[in-house]
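Hello,

Here is the structure I promised to pass on to you. Have a look at it first, and then read on for some notes on what I found.

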Amino acid sequence: MPSNLRIDPERLWSTLMETGAIGATAKGGINRQTLTAEDAAVRGWFKREAETLGCSVTVDEVGNMFALRAGRQPGLAPIALGSHLDTQPTGGKFDGNLGVLGALEALRTLVSAGYETNAPIVVVNWTNEEGARFAPAMLGSGVFAGVYSRASADAIADSEGIRFGAALDAIGWRGETRAGAMPLSAYLELHIEQGPILEAEEKTIGVVTGVQGVRWYELKLSGRESHAGTTPMPRRADAVLAAAHLISAVRDLALAHAPTAVGTVGQVEVEPNSPNVVPGHVRMTVDLRHHDDAILAAMETALTAAIDRVAGAEKVEISLRKLHDLAAVQFHPTCIAAVRSAARALGYSERDIISGAGHDAVHMSRITPSAMIFVPCKDGLSHNEAESATRQDCAAGAQVLLEAALAIDAQLASGPL
Ligand SMILES: [Zn+2]
């Protein structure tokens, strides 16, 4: 049975629109990159709203914000609900914002009903989820989870040479507490899907069971530059021809694990890039993704086999360097079940789904039981000013977030998850 608490869809929507004005772009999106004046403005807004609700707001050493409402049972660690308020340079109104503002709406609902949870509830705004200004993405949650040190985060420079640490100090949002110092009982994150599946299947709620793993590689192909008119075909060592074989091999190794595996060659640089020279050099990237690390490993083996085969056949030397290796994430079964049960009890259509994109929950799942809730977005479009989600779907997501948090809270009374 769901609780009798109901979030206020209009209040949630007007909050999304109100904060959407901070960094608003002409095309209806948001440009609120991390640690800018716009980021500072939305942080101030969030702190004031949370304090109006009686929350205490703390900020940690990398600027992560925590709005805490006490629970009634002493000794229980907080249940965290959150996401991020930073955006891409041409971001939309929902990516990240829905997760923080949906959590705030859940908190407002608890406060206005006078409902006391067993565990404290903390709404979190993670610093620099997007990674558009300071790479890597998911930095604040990464420091909180112990994946990166504060010192390494502080040292990251943006394209103008400004360091993360200096930018954080400059906007005045570096806090006192050590990142990761707050123990948590669980973490739930509401987010738009950023993909087309829920919309296509007309499902309201995605019960996110995990996040697919990602591996990035850089390939360098070295053949021999020669005259395009005078070099007979059998005597060529054509780096672009070898690259072409590898590009189709990447598609084939992804299709071998259809429909869930994906493989992409997104960058190809050719030297000397001249119409009448047999190309001698190519630099290209390969991006492989799957939710099962064993299959990802098999895809990597297939890639190296393809490289050996093509190198031999085309007389081209090929080197491979791994740039990135993010393991697949499986969320916590109890948290997944809480989301699924909440969606069903509330009468929303739902399906299990695996996230194709990274989220703060990836890092959080290393240190506390975690799960995510997805809602549809129009045409699966995100990282785009035209990003759009409906009022009803946003409200459904926030309602499931509240209900799942209450279910977890009830379980915590009898012990950790
Ligand atoms: Zn996001």
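Let me start with one side chain: a polar atom of Asn97 lies 3.3 Å from the backbone oxygen of Lys93. Please keep in mind as you read that this is a predicted model.

Asn97 belongs to helix α3, which runs over residues 97–113. Is Asn97 buried or exposed? Its relative accessibility is 1%, and buried means under 20%, so Asn97 counts as buried. Leaving aside residues up to four places away in sequence, Asn97 touches Leu16, Ile30, Arg32, His84, Leu85, Thr87, Gly92 and Gly102.

The other part I looked at is helix α8, residues 239–255. With 17 residues at 1.5 Å each, α8 should span 24 Å, and this agrees with its end C-alpha atoms, which are 24 Å apart. At the N-terminal end, α8 is capped by Asp238, which has a side-chain oxygen 2.9 Å from the backbone nitrogen of Val240.

Which residues of α8 are buried? They are Ala239, Ala242, Ala243, Leu246, Ala249, Val250, Leu253 and Ala254. Because these residues cover an arc of only 130° around the axis, they sit on the same side of α8. Arg251 and Leu255, on the other side of α8, are exposed.

And what covers the buried residues of α8? The cover includes the strands β7 (213–222), β9 (262–264), β12 (281–290) and β13 (317–326), along with helix α9 (293–314).

Enjoy exploring it!

Best wishes

Notes:
Residues numbered from 1 in each chain as written. Predicted model: local features only at pLDDT ≥ 70, side-chain atom pairs only at ≥ 80, totals over all residues. Heavy atoms only, no water. Helix = DSSP H or I, 4+ residues; strand = E, 2+ residues; numbered from the N terminus. Expected span 1.5 Å × (residues − 1). Buried < 20%, exposed > 50% of the residue type's maximum accessible area, 1.4 Å probe, protein only. Arc of directions from axis to C-beta. Contact = heavy atoms within 4.5 Å. Polar contact = N/O pair within 3.5 Å; in protein donor to acceptor, adjacent residues only side chain to side chain.
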